[in-house]
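Me: I've got a fold to go through, and I'd like to take it piece by piece. Could you walk me through the sheet, the helices on it and the charged side chains?

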Amino acid sequence: MITVITIDGPSGAGKGTIAQMLALELDWNILDSGALYRTLAYFMKENNINLDNFEENQNLLKERFKVSFDPGTPGEPVKVLFENEDITSIVRTEEMAKLTSTLAAEPVIREFIKPCQRDFMQLPGLIADGRDMGTVIFSDAKHKIFLTASLEERAKRRQTQLKRQGLKVNMRTLLHELEERDRKDTEREHSPLVPAEDSVLIDTSNLKPEGVVKEIKTYL
Ligand code: C5P
């Protein structure tokens with residue numbers, strides 16, 4: 001039996017940081033499902049694959065779409081490895097996020113990515129970060145966490161992250177983009193962003209990452 005801890009929530013709620021801290025501390029596998037969707041969006045763009053020709057490119061996709069993650073070091077984003085390349089900085093931009101969010105609303109995309117996500121369930125355990133980890137992909141997970149934070153706090157965190165990557169961002173634009181992405185993710189028909197009924201809700205607005213991990217440990 002492989003234990004899975006799911007961590008869902010909107011952008012900037014702290015999922016990535018907390019998933020990374022838990023994965024490093026427990027020495028478990030990590031699935032950053034947002035990055036998986038982002039990598040698929042990137043791969044599709046690079047290979048001129050769109051929703052109209054998605055089916056006819058199934059073989060190419062199945063053969064080449066193999067992503068792995070390295071939890072990396074605290075404070076740095078989880079590394080995304082694809083075709084022997086570290087594509088972290090390519091996929092973690094707001095532009096990629098916007099494109100990804102549109103694609104992720106499509107059932108054909110979600111169905112394709114479902115088995116890729118389940119493949120990450122390996123010993124000794126898995127920390128799965130996303131939007132539908134606890135509701136759809138690992139609905140029978142033993143432990144489910146749903147992180148939230150105020151929009152302003154989430155935008156501030158995203159700004160810090162992007163600055164660290166050397167990207168300049170306007171706060172007003174960022175607030176607008178986050179709000180728009182949240183709306184798309186929450187209102188979509190397929191696998192919308194909602195807390196699983198059996199999840200534990202943690203508002204991280206006024207907590208440091210260590211405080212969030214402490215709360216999670218108390219719950220575990
Ligand atoms: O978490 P991240 O910001 O990297 O996710 C990018 C986008 O991927 C989200 O805005 C959402 O549209 C999509 N996503 C999803 N389901 C997941 C993870 C991410 O639809 N489990």
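Reply: Some ground rules before we start. This is a predicted model, where local features need pLDDT of at least 70 and side-chain atom pairs count only at pLDDT 80 or more, while totals for chains, interfaces and linings use all residues. Residues are numbered from 1 along each chain as its sequence is written, and side-chain values use heavy atoms, with hydrogens and water left out.

Me: In what order do the five strands of the open sheet sit?
Reply: Strands here are DSSP E runs of at least two residues, helices are H or I runs of at least four, and both are numbered from the N terminus. Two strands pair if DSSP finds at least two bridges between them. The pairing is parallel, and the order is S2-S6-S1-S7-S8.

Me: Which residue in S7 is the bridge partner of Ile 7?
Reply: S1 (residues 3-8) and S7 (residues 143-148) run parallel and are joined by four bridges. The partner of Ile 7 in S7 is Ile 145.

Me: What angle does helix H1 make with S6?
Reply: H1 (residues 15-26) packs on the sheet and touches S1, S2, S6 (125-130) and S7, with contact meaning heavy atoms within 4.5 Å. Axes are lines fitted to C-alpha atoms, for helices over the stretch in contact, and angles run from 0 to 180 degrees between N-to-C directions. Helix H2 (residues 33-46) lies across S2 and S6, at about 55 degrees to S2. For H1 against S6, the value is about 175 degrees.

Me: How far is Lys 15 from the nearest side chain of opposite charge?
Reply: Lys 15 lies in H1 and is buried (under 20% relative accessible area with a 1.4 Å probe, protein chains only; exposed is over 50%, partly exposed in between). Its side chain has a polar atom 3.0 Å from the backbone oxygen of Pro 10. Lys 15 has no salt bridge, meaning a side-chain nitrogen of Lys or Arg within 4 Å of a carboxyl oxygen of Asp or Glu. The nearest side chain of opposite charge is Asp 129, at 4.7 Å.

Me: How many residues apart in sequence are the parts that Glu 94 and Arg 158 tie together?
Reply: Their side chains meet in a salt bridge at 3.3 Å, N to O. Glu 94 counts as buried at 11% relative accessibility, and Arg 158 does too at 12%. Glu 94 sits in helix H5 (residues 94-103) and Arg 158 in helix H8 (residues 151-164), so the parts they tie together are apart in sequence by 64 residues.

Me: What is the separation of Glu 111 and Lys 114 in helical turns?
Reply: These two form a salt bridge, with the closest N and O atoms 3.2 Å apart. Glu 111 is partly exposed at 47%, and Lys 114 is partly exposed at 21%. They are three residues apart in helix H6 (residues 107-118), so the separation is about one helical turn.

Me: How many salt bridges are in the whole structure?
Reply: One of them joins Lys 156 and Glu 153 at 3.8 Å, N to O. Salt bridges with shared partners also link Glu 94, Arg 158 and Arg 181 into one network. A search of the whole structure gives 15.

Technical notes. Lys, Arg positive; Asp, Glu negative; His and termini not counted. Polar contact = N/O pair within 3.5 Å; in protein donor to acceptor, adjacent residues only side chain to side chain.
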